[in-house]
Amino acid sequence: MARGFFLTLEGGEGAGKSTNLRFVQSCLEAAGKPVLMTREPGGTALGEALRAVLLDANQSPVDPLAELLMMFAARAQHVEDVIKPALAEGYWVVCDRFTDATYAYQGGGRGLPRDTIATLETMVQGDLRPDLTILLDLPVAVGMQRAGARDAAPDRIEQESQDFFERVRAAYRERAQQFPQRYCVVDASQDLPAVQSGIRAALETVMAKRS
Ligand SMILES: Nc1ncnc2c1ncn2[C@@H]1O[C@H](COP(=O)(O)OP(=O)(O)OP(=O)(O)O)[C@@H](O)[C@H]1O
Ligand SMILES: [Mg+2]
């Protein structure tokens, strides 16, 4: 069967990734596409175990390089066990965060060299890159307010400073400028119907190209 389609959703804390993931799923399924939903870090038993370590708010300070390697360890398992096989079977794989998040958080946020991330990206993914990345972009304060309105206590990453999240946002926007053909940037500060009409337009464009 033809190779499927690899779609990732990116954005800072509270941007609406999880909310809109379900919307993406329903749009694709309504168009008759076979869809596989997954997330990072996670997506496999090993990945979810690493996610628990990475997000544990009680974890003693985690060295940035150790954090980066755990992200890619989870990703290696996810790519080999889930993403590549699903794409080979023709699935539309929809992933809540992927390597662009690593460039944003471990690169922009933590300040790790982009070259180091790029080396690991090639090692783990070969030439696998998303076909479409929807970046939900919004001011840090708005995202924090939305995330804060949820009940859960802040995880280890959510406890970072405002400056950290400003660097994350800037790094995401830089990635979008660097790869304009792959990225669709949606103004996520809008109300949900407006955000979703932007997402729907992006999906219709890629589905038209694929059909
Ligand atoms: N466009 C919107 N307008 C107002 N509220 C929204 C909008 N989109 C999402 N929300 C709400 O904001 C909160 C955060 O959304 P969501 O959990 O989808 O974000 P997320 O990007 O997955 O966050 P995280 O990075 O923490 O996983 C939720 O309570 C959601 O209902
Ligand atoms: Mg989420």
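In the predicted model, Thr8 stands opposite Cys95 of strand 3, and Cys95 is also the bridge partner of Thr38. Strand 1 (residues 5-11) runs parallel to strand 3 and is joined to it by five bridges. Strand 2 (residues 35-39) is likewise parallel to strand 3, with five bridges between them; strands count as paired if DSSP finds at least two bridges between them.

Five of the five residues of strand 3 (residues 92-96) are buried, so this strand is largely enclosed by the rest of the structure. Buried denotes under 20% relative accessible area, with a 1.4 Å probe and protein chains only. One face of strand 3 carries Trp92, Val94 and Asp96, and the other carries Val93 and Cys95.

Eight helices and five strands make up the secondary structure of the protein chain; helices (H or I, at least four residues) and strands (E, at least two) are DSSP runs numbered from the N terminus. Their order along the sequence is β-α-β-α-α-β-α-α-β-α-α-β-α. The radius of gyration is 16 Å, close to the 17 Å that the globule rule gives for 211 residues, so the chain is as compact as a globular protein of that length. The radius is taken over C-alpha atoms, and the rule is 2.2 Å times the number of residues to the power 0.38. Of the 211 residues, 49% are buried.

Residues are numbered from 1 along each chain as its sequence is written, and chains are lettered from A and ligands numbered from 1 in the order in which they are written. Local features need pLDDT of at least 70, side-chain atom pairs count only at pLDDT 80 or more, and totals for chains, interfaces and linings use all residues, while side-chain values use heavy atoms, leaving out hydrogens and water.

Notes. Buried < 20%, exposed > 50% of the residue type's maximum accessible area, 1.4 Å probe, protein only.
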